[in-house]
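Open your viewer and keep the selection tool at hand. This tour goes stop by stop.

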Amino acid sequence: MDANELIRYFESLGLKVNTTTKARGHLGFFLKNRIDISKNIPPYRIVPTLLHEFTHYIHYGLEPDIAKNGGTFKRIFNEENPIFEQELIKVTNFVDENSLCIRLYEHKDRVKSQIKEYENIIKKDFPSFMRSKKFNDFEKYIKKSDAKYLLKYDRVKLLTGFFRKKYTILSVSAIEEDFPDMPRPFAAYIRLRSCQRKQKRISSRINRIQKYYKRPAELFARLVEGLYIDREWVCALAPYTTERFFKLLDSGYYKQLKNVIH
């Protein structure tokens with residue numbers, strides 16, 4: 001399939017197709033009657049991305065509010081069935097490996113290991129230490145130290161001097177330099193808390209990404225992408241959904257998408 005041929009067909013429908021933008025930081029972007037394809041997109045991704053964004057256009061015709069609510073399977077497939085999401089998640093994982101969040105899970109595991117290492121350092125001197133309980137010995141020590149700011153932030157700038165014209169930068173990565181007298185377990189505890197914040201941020205990012213990929217609108221668009229990339233495999237991954245899709249496609253339910261697919 002030729003990308004230029006697709007673009008000409010889209011434009012014949014009244015769609016404006018831009019291929020010289022950054023597509024708002026994405027490979028592609030759809031908004032009402034406009035499709036943007038990133039100028040930085042790899043050549044092999046142009047056609048799948050065009051199909052993806054055109055599917056949003058078709059879906060928009062079925063559900064004008066997809067930008068707000070992410071669409072519904074009831075409108076996409078003209079029926080309700082939990083199998084749609086189950087099968088389309090498999091298709092999405094095949095089409096776009098970013099949906100698996102592999103690097104983020106690996107990063108999260110590394111942070112989890114670091115937390116355990118710091119916990120072991122603390123327990124050498126404080127065997128009863130538990131992450132879920134208040135670390136009283138540390139609390140007593142930290143009250144009079146500027147290191148207390150590192151319990152919430154990895155890096156802070158403190159204004160000092162009579163007229164606060166000077167400042168000092170404190171960092172979790174330089175605890176030993178900034179606080180040479182701090183006991184090793186206490187430095188480990190500050191770093192443990194830093195890792196916990198990092199772990200929370202990673203988990204939040206994973207949740208946001210998964211929520212995005214599970215939107216019916218995105219699952220539907222990646223179904224069409226997948227049928228272009230490897231129709232046989234996608235049909236094997238999502239037998240019920242693809243059967244329903246082609247039935248509706250042939251009936252004209254998806255309008256101009258029928259011409260594009262055929």
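The stops below say what to select and what is there.

**Before you start.** This is a predicted model: local features need pLDDT of at least 70, side-chain atom pairs count only at pLDDT 80 or more, and totals for chains, interfaces and linings use all residues. Residues are numbered from 1 along each chain as its sequence is written, and side-chain values use heavy atoms, with hydrogens and water left out.

Stop 1: Select residues 28–31, strand E2, and residues 34–38, strand E3. Strands (E, at least two residues) and helices (H or I, at least four) are DSSP runs, numbered from the N terminus. E2 and E3 run antiparallel and are joined by four bridges; two strands pair if DSSP finds at least two bridges between them. Phenylalanine 30 has isoleucine 35 in E3 as its bridge partner. Two residues separate the strands of this hairpin. Lysine 32 in the turn has a positive phi of about 55 degrees.

**Stop 2: histidine 56.** Histidine 56 sits in helix H2, residues 46–62. Is histidine 56 buried or exposed? Histidine 56 is buried, at a relative accessible area of 8%. Buried means under 20% relative accessible area, exposed over 50%, partly exposed in between (1.4 Å probe, protein chains only). Contact means heavy atoms within 4.5 Å.

**Stop 3: H5 against H11.** Select helix H5 (residues 83–95) and helix H11 (residues 239–251). Their axes are 8 Å apart, at an angle of about 105 degrees. That makes H5 roughly perpendicular to H11, a term for angles of 65 to 115 degrees. Axes are lines fitted to C-alpha atoms, for helices over the stretch in contact, and angles run from 0 to 180 degrees between N-to-C directions. Show Ile83, Phe84, Glu87 and Leu88 in H5; they meet Pro239, Tyr240, Thr241 and Arg244 in H11.

**Stop 4: leucine 237.** Select leucine 237 in helix H10, residues 216–237. Leucine 237 is buried, at 17% relative accessibility. Leucine 237 touches Glu87, Lys90, Val91 and Phe94, not counting residues up to four places away in sequence. Now pick asparagine 136: the two C-alpha atoms are separated by 54 Å.

**Stop 5: helix H6.** Select residues 102–125. The end C-alpha atoms of H6 are 36 Å apart, which agrees with the 34 Å that its 24 residues should span at 1.5 Å a residue. That expected span is 1.5 Å times one less than the number of residues. Color the buried residues: Leu104, Val111, Ile115, Tyr118, Glu119, Ile121 and Ile122. Helix H9 (184–213) is included in what covers them.

Conventions. Angles under 35 degrees count as roughly parallel, over 145 as roughly antiparallel, 65 to 115 as roughly perpendicular and the rest as oblique.
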